[in-house]
Amino acid sequence: MKGSALVSRVLPSPNWRERSNAALKYVIIHGTWMKSDDEAIARLRDEVTEVSSHYVITRSGELVQLVGEDKSAFHAGLSHWDGVKNLNDWSIGIEIGNDGKEPYTEAEYATLIELLRDIQSRYKAITPHNVLGHDDIAPGRKTDPGKHFDWKRLVSAGVVSRP
């Protein structure tokens, strides 16, 4: 399974398809909006839900891989950005454990920054400008990673550029 060397566990999800193109250009950051990390991982691995992501970062900062980066995970849904539609085919999806009401943890930010640096070193097209939130690519439909997500921290780390 193609992915980051930072992964601590691989728990394959059946919810993916072959990419319709080979040009990875974006990373999409999500909040799980679930009470527990185990519940979120189970949902992302349940073939009935038909949702997944490439990675999950747990509240403790553990990095779990569900889908290989060379596959299209089902994380973006109906989406568009900068003239591109169906961002599943163009992106890597990262889910971060959060119920939507709590702050993200220090461990989550540390792992996310390290993972983004790793991804950006391997895919030159995934610049800080191309790291987006689910709410950016599905406005009015999705709100994650949400109001508790500290984009400024990622900007300071040099892995994201936000207006």
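The following exercises, each with a worked solution, concern the predicted model shown above.

Residues are numbered from 1 along each chain as its sequence is written, and side-chain values use heavy atoms, with hydrogens and water left out. Because the model is predicted, local features need pLDDT of at least 70 and side-chain atom pairs count only at pLDDT 80 or more, while totals for chains, interfaces and linings use all residues.

**Exercise 1. Determine how the rings of Tyr104 and Phe149 are arranged, and where the two residues lie.**

Step 1. Rings of Phe, Tyr and Trp (its six-membered ring) pair if their centres lie within 6.5 Å; planes under 30 degrees apart count as stacked, over 60 as edge-to-face and the rest as tilted.

Step 2. The centres of the Tyr104 and Phe149 rings are 5.2 Å apart and the planes stand at 85°, so this pair is edge-to-face. The structure holds four aromatic pairs.

Step 3. Helices (H or I, at least four residues) and strands (E, at least two) are DSSP runs, numbered from the N terminus. Tyr104 belongs to the loop between strand S9 (91-96) and helix H2 (106-122), and Phe149 to the loop between helix H3 (134-137) and helix H4 (151-156); the pair thus links distant parts of the chain, 45 residues apart.

Step 4. Buried means under 20% relative accessible area, exposed over 50%, and partly exposed in between (1.4 Å probe, protein chains only). Tyr104, with a relative accessible area of 7%, is therefore buried, and Phe149 is buried because its value is 6%.

**Exercise 2. Identify the aromatic cluster and the charged ends that sit over the rings of Tyr109 and Trp151.**

Step 1. One aromatic cluster is formed by Tyr104, Tyr109, Phe149 and Trp151.

Step 2. A charge sits over a ring if NZ of Lys or CZ of Arg is within 6 Å of the ring centre and within 35 degrees of the ring normal. Over the ring of Tyr109 sits the charged end of Arg153, 4.3 Å from the ring centre. Over the ring of Trp151 sits the charged end of Arg162, 3.9 Å from the ring centre.

Step 3. The side chain of Arg162 also makes a polar contact (a pair of N or O atoms within 3.5 Å; within protein, one must be able to donate a hydrogen and the other to accept it, and residues adjacent in sequence count only if both atoms are side-chain atoms) with the side chain of Asp136, at 2.7 Å.

Step 4. Asp136 lies in helix H3 and is buried, because its relative accessible area is 18%.
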